[in-house]
Amino acid sequence: MTSSPAPDDHVRITVDDVPLSVPVRRTVAAALMLEGRQAGWRVTRRAGAERGLFCGIGVCYDCLATVDGRPGLRTCLVQVADGMDVRTGTVDV
Ligand code: FES
């Protein structure tokens, strides 16, 4: 993969192996929304219902993802950082 440096006000993250340049001080949930995942980025284990950003304040746990190998993080509370690896889909916590 070739990559040019991110602008000073952006960081580089990967979401499911797709590289993204995201403005600094955004949450992972905001980055996923910017990427076009308004409908959600995981499904529930039993019903397969799509979940993503709902409350945006850490209360509902709908926005879970695996960040840098740590499963079940509420992405609406995690700020993006350069080199961060985000995995979406079903989260087993
Ligand atoms: S959107 Fe509700 S906890 Fe993140």
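Tutor: Two strands are said to pair if DSSP finds at least two bridges between them. Strands are DSSP runs of E with at least two residues, helices are runs of H or I with at least four, and both are numbered from the N terminus. The model is a predicted one, in which local features need pLDDT of at least 70 and side-chain atom pairs count only at pLDDT 80 or more, while totals for chains, interfaces and linings use all residues. Residue numbers start from 1 along each chain as its sequence is written.

Strand β6 covers residues 70-74, and its pairing with β5 is antiparallel over three bridges. Within this arrangement, Arg74 of β6 stands opposite Leu64.

Most residues other than glycine have a negative phi. Two further positive values deserve attention. Asp16, which is not a glycine, has a positive phi of about 50 degrees, and it is located in the loop between β1 and β2 (18-23). Asp16 counts as exposed because 12 C-beta neighbours lie inside 10 Å; the limits are 12 or fewer other C-beta atoms within 10 Å for exposed, 20 or more for buried, and anything in between for partly exposed, with C-beta atoms placed from the backbone. Tyr61, also not a glycine, has a positive phi of about 65 degrees and sits in the loop between β4 (50-51) and β5. Because Tyr61 has 14 C-beta neighbours inside 10 Å, it counts as partly exposed.

The next topic is the interior. A nonpolar core is a set of buried Ala, Val, Leu, Ile, Met, Phe, Trp, Tyr and Cys residues joined through C-beta atoms within 7 Å. The largest such core has 17 residues, and Ile13, Val28, Ala31, Leu32, Ala65, Val80 and Val86 have the most contacts inside it. At least two residues of this core come from each of β1 (10-15), α1 (28-34) and β5 (64-67). The greatest contribution to this core, four residues, is that of α1. Contact requires C-beta atoms, placed from the backbone, within 7 Å of each other. Once neighbours within four places in sequence are set aside, Ala31 is in contact with Ile13, Leu20, Val22, Arg26 and Val80.

Two other positions link separate stretches of sequence. Val43, in strand β3 (residues 42-43), is 45 residues from Thr88 in sequence and 9.2 Å from it in space, C-alpha to C-alpha. Gln38 belongs to the loop between α1 and β3; Gln38 and Gly52 are 14 residues apart in sequence and 7.3 Å apart in space, C-alpha to C-alpha.

As for the whole chain, its one helix and seven strands follow the order β-β-α-β-β-β-β-β from the N terminus on. Buried residues account for 26% of the 93 residues. Along its principal axes, the C-alpha trace spans about 40 × 25 × 20 Å.

How values were computed. Contact = placed C-beta atoms within 7 Å.
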